[in-house]
Amino acid sequence: MQFKLYTDVHEFYMDTYDMLMRHEAQNLIPLGNIIIGHEGKDKTDWRDPVNWLMATISDRKGIQLTAIMTPPHNITLYATDNIINPEAINCLIDGLNDREIPGVTTEKTLAEYFAKEYTLHKGITFRTTMNQRIYELTAVNPDIQEVGIVRLLDEKDIHFFPYWAEAFYAAESYGKTEMSIPQDADPYLYRIASKKIYILEDNGIPVSMAGYTRVMQTAIGVAFVYTPPYERRKGYATSIVAQISQLALDKGFTKCVLYTDLANPTSNSIYQKIGYRPICDSLQLKFQS
């Protein structure tokens, strides 16, 4: 087995892109990231490839394992064709040496296998921070009743959007209620300028939001789904996700992809009602001493 560490994101892109595309929806995160790095249009925060960890493990048949980490986020892995090669896992762990790896986010079976081997090697432990399911949509259920009007988030929304964004981040851990109070407008103005987030209005009042994340060749990620507690159970989340999913399909994408927290039965039910179908389960695991 050969461990190859990359410093050139373009070379990494060329070596791994076609491999990752074999399971495009499953590889939303690594594919989206290497596209961002390869295009080089956005280097804010974690998006500058100079700080990334990019590696492949190969044998005479080719690449068996792909790894990418965009600090401070977890490492993401893909076992080629979802066939876990224990020798490749061990080779990766040896190659990582003393690099700080906060955790792993990837397909469930691979995440568990890697975490067990990595923590055994390092003499540490791990815990699950989220059980996820990856969904894919190729057609919106025509029976979905649309409520309200969807529009792009814009600068006039700065008076409420930062609070919605922080509430969304807090809710990423299902049942969590603590949220940060926004202090600096710049991160939220960045999101507004990206033109990827949409607001649902009902009678002219903002009631829900959702947006796009990583953009791939034929797929696009859907995320940032948030409805304030006082506007829930009115069909708003269902309506905005259905509408922006259809908008993506109308733009030429063949599929929409999203992650859900399996601890949240409401969101999982909503997405399936819209037409999203499960692709695989994924785990977020955190390493700890």
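Predicted model: local features only at pLDDT ≥ 70, side-chain atom pairs only at ≥ 80, totals over all residues.

Student: Are helices α3 and α4 roughly parallel or oblique to each other?

Tutor: Helix α3 covers residues 86–96 and α4 covers residues 108–122, with their axes 10 Å apart. The angle between them is about 50°. Angles under 35 degrees count as roughly parallel and 65 to 115 as roughly perpendicular, so α3 is oblique to α4.

Student: Which class of residue makes up the contact of α3 with α4, and in what numbers?

Tutor: On the α3 side the contact includes Ile89, Leu92 and Ile93, and among the α4 residues are Tyr113, Phe114 and Tyr118. By class, there are two charged, two polar and nine nonpolar residues.

Student: Which residue forms a salt bridge with glutamate 201?

Tutor: Glutamate 201 lies in strand β8, and its partner is 50 residues apart from it, in strand β7. The closest N and O atoms of the pair are 2.7 Å apart. That partner also meets aspartate 157 in a salt bridge of 2.8 Å, N to O. The residue is arginine 151.

Student: In the salt bridge of arginine 47 and aspartate 42, which residue counts as buried?

Tutor: Their side chains meet at 3.8 Å, N to O. Buried means under 20% relative accessible area, so aspartate 42, at 22%, counts as partly exposed. At 8%, the residue that counts as buried is arginine 47.

Key
Residues numbered from 1 in each chain as written. Heavy atoms only, no water. Axes fitted to C-alpha atoms, helices over the stretch in contact; angles between N-to-C directions. Helix = DSSP H or I, 4+ residues; strand = E, 2+ residues; numbered from the N terminus. Parallel < 35°, antiparallel > 145°, perpendicular 65-115°, else oblique. Contact = heavy atoms within 4.5 Å. Nonpolar A, V, L, I, M, F, W, Y, C, P; charged D, E, K, R; others polar. Salt bridge = Lys/Arg side-chain N within 4 Å of Asp/Glu carboxyl O. Buried < 20%, exposed > 50% of the residue type's maximum accessible area, 1.4 Å probe, protein only.
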